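Keep the viewer open while you read.

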Number of protein chains: 2
Amino acid sequence: MKEVTKYIIKNSLKRIFLYRACLSRLKQMGVDKVFSYTLANEAGVTPAQVRKDFSEFGIKGNKKGGYEIDELLSKMEEIFHRSKDHNIVLIGMGNLGQSLSRYSKFVQRNMNIVATFDVDPFKLKMRSEIPVYSMTRLKEIIDRFRVKVAIIAVPEISAQEVADELIRHGIKGIVNFAPVLLKVPSEVVVNNVNLCDELESVIYYVQKILKSEGLKNIELLYKDMKY
Amino acid sequence: MKEVTKYIIKNSLKRIFLYRACLSRLKQMGVDKVFSYTLANEAGVTPAQVRKDFSEFGIKGNKKGGYEIDELLSKMEEIFHRSKDHNIVLIGMGNLGQSLSRYSKFVQRNMNIVATFDVDPFKLKMRSEIPVYSMTRLKEIIDRFRVKVAIIAVPEISAQEVADELIRHGIKGIVNFAPVLLKVPSEVVVNNVNLCDELESVIYYVQKILKSEGLKNIELLYKDMKY
DNA sequence: TATATTTTGTGACTTCTTTCACAACAAATG
DNA sequence: CATTTGTTGTGAAAGAAGTCACAAAATATA
Ligand SMILES: NC(=O)c1ccc[n+]([C@@H]2O[C@H](COP(=O)([O-])OP(=O)(O)OC[C@H]3O[C@@H](n4cnc5c(N)ncnc54)[C@H](O)[C@@H]3O)[C@@H](O)[C@H]2O)c1
Ligand SMILES: NC(=O)c1ccc[n+]([C@@H]2O[C@H](COP(=O)([O-])OP(=O)(O)OC[C@H]3O[C@@H](n4cnc5c(N)ncnc54)[C@H](O)[C@@H]3O)[C@@H](O)[C@H]2O)c1
């Protein structure tokens, strides 16, 4: 089993998520039709980019008529198989894990954290709305709820061993918050989210901005960060 | 003042962070010298990629001798201006904000959350180690600690107004956790982190993997996500 | 000191991504 | 119903990112 490290998700997919968020917002504001340039403007990209991305995901609009927001949104739901619910487990109910387990947006998008796990016996809460189980029950719960995706929020030192155990029990996708690049077999998807790096990269660019006051530099800089 | 939307940070910069993490780990394991292929293997990229990235950031090694880990790390510190401390403010002490404010890795990397802010009067704690102030004291604290970078962890609905206020008080960089694309002037850096999207993109790829059992598809898929 | 060996650093090449530009089409207009 | 208008969808062009391959350099070896 070839062990590899993976990291980032295709930009075009991220932009589709972005478009969806913009569309939802426009819809709430009472808009029900967009042109590629309306959406592009909203999302901070070019109209051609919007159309190319749509093309990649097989999303079609109406010549001259633009795109119906409702149609777009439901096409996107379809692409993401968002109709059905997705059961998730979360490992590590510390600071971050507890925060994530309470995050309501996951549920809004049909991603349900059905159970959480921790090694610390003081953290266990079997009867809570989102239960906190001991790690010994991991396999049982993954099987019962047909869980395929897990969130890792354990300390750096334990992240790889937890990942290995999850994969042994059939997990195929992991969002990893521990600041370590997980090694996983090639048929498993990992998205390593490193919040320190996210903050640090902002600091890096801010320092550059503060040093170079000239506008030309800022334009260049902007390219580095544009979607 | 041209308002633009920004999103992502250059891949090569992210890889430099990745290399740094790998190097720290290797160092802890007692290694003190690497070749481009050692590090590449550790980071899951090609040796050429490592050397190209180093070249972009002006990092030089020793012909035949590879790279001294200590030298590499201190060169990286230098690039990221990590010698001095960076003062950060955090807005929104809810679930996520509280978790982030307690995250020790920020401090380890000289990024200090000097103060946090919230509108909710019940959340205020002026005498705590990391104080929670009312928003009225924002300008005072930003000025006093020469803060240039902020973390936004307020609800979606308030994120743009908070960003505007921060920028008015001289903030030049923002890490935004609210699931909304902030509009900011072009001399301000924003890194929008959307955890829902991160999770959802993993689900997307997992579904693809589960559908297409053939190995060729997985190779293709893998390309989509590789660094 | 000459030769062999090994690894860097980078220009050339390739592949991937974005932008351009325009044919095709649908709606509006007269 | 022909013509104009305006927008999509997509190949082609341009640009960016990643890989290859090899000269240059440093070290080891004889
Ligand atoms: N706190 C944050 O805001 C934050 C932000 C970004 C990343 N992270 C990362 O997320 C991870 C968790 O951070 P945290 O601040 O919540 O830490 P924490 O120490 O508060 O929580 C870790 C939890 O994991 C549990 N745990 C430890 N080993 C385990 C194992 N083998 N199996 C199951 N559970 C185990 C612990 O009992 C604890 O409850 C860390 O890797 C950290 O670097 C945290
Ligand atoms: N909880 C999570 O795990 C999580 C994960 C990813 C993203 N987020 C996002 O992070 C943000 C915060 O999430 P949360 O779960 O902590 O929400 P929360 O409701 O627990 O906390 C929000 C906090 O912001 C404060 N606030 C509201 N308006 C404010 C304003 N104008 N100025 C200053 N403070 C203000 C509130 O008083 C509250 O304390 C949201 O945008 C959410 O979508 C949260």
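A salt bridge here is a side-chain nitrogen of Lys or Arg within 4 Å of a carboxyl oxygen of Asp or Glu. By that rule A:Lys10 and B:Asp224 form one, with their closest N and O atoms 4.0 Å apart. Before going further, some ground rules: this is a predicted model, where local features need pLDDT of at least 70 and side-chain atom pairs count only at pLDDT 80 or more, while totals for chains, interfaces and linings use all residues. Residues are numbered from 1 along each chain as its sequence is written, chains are lettered from A and ligands numbered from 1 in the order in which they are written, and side-chain values use heavy atoms, with hydrogens and water left out.

**A look around A:Lys10**

Helices (H or I, at least four residues) and strands (E, at least two) are DSSP runs, numbered from the N terminus. On that scheme, A:Lys10 sits in the loop between strand S1 (3–5) and helix H1 (11–28) of chain A. A:Lys10 counts as partly exposed because its relative accessibility is 27%. Leaving out residues up to four places away in sequence, A:Lys10 touches A:Glu56, B:Tyr205 and B:Asp224, where contact means heavy atoms within 4.5 Å. A:Lys223 is 213 residues away from A:Lys10 along the chain, and their C-alpha atoms are separated by 18 Å.

**Where the chains meet**

Now for the interface as a whole. On one side, 78 residues of chain A are in contact with 79 residues of chain B. The size of an interface is often given as the accessible area lost when the parts come together. Here the buried area is about 7,500 Å², and carbon and sulfur atoms give 66% of that; the figure is the accessible area (1.4 Å probe) that the two parts lose on being put together, summed over both.

Some of the salt bridges, within and between chains:

| Pair | N to O distance |
|---|---|
| A:Arg20 and B:Glu200 | 2.7 Å |
| A:Arg137 and A:Glu140 | 2.9 Å |
| B:Lys14 and A:Glu198 | 3.3 Å |

B:Lys14 lies in helix H1 (residues 11–28) of chain B and A:Glu198 in helix H9 of chain A, so that pair crosses between chains. B:Lys14 is buried, with a relative accessible area of 13%, and A:Glu198 counts as buried at 13%. A:Arg20 and B:Glu200 are both buried, and these two belong to a network of salt bridges that also takes in A:Arg109 and B:Asp197. Back within chain A, A:Arg137 is partly exposed at 25%, and A:Glu140 is partly exposed at 36%.

**Inside chain A**

Chain A has ten helices and ten strands, and its C-alpha trace spans about 60 × 45 × 35 Å along its principal axes. Of its 227 residues, 56% are buried.

Strand S7 (residues 149–152) and S8 of chain A pair in the parallel sense over four bridges; strands pair if DSSP finds at least two bridges between them. In this pairing A:Ala150 stands opposite A:Ile174. From strand S8 (residues 173–176), A:Gly173 and A:Val175 point one way and A:Ile174 and A:Asn176 the other, and all are buried. The side chain of A:Asn176 makes a polar contact of 2.8 Å with that of A:Asn192. A:Asn192 is found in strand S10 (residues 189–192) and counts as buried at 9% relative accessibility.

Notes
Buried < 20%, exposed > 50% of the residue type's maximum accessible area, 1.4 Å probe, protein only. Polar contact = N/O pair within 3.5 Å; in protein donor to acceptor, adjacent residues only side chain to side chain.
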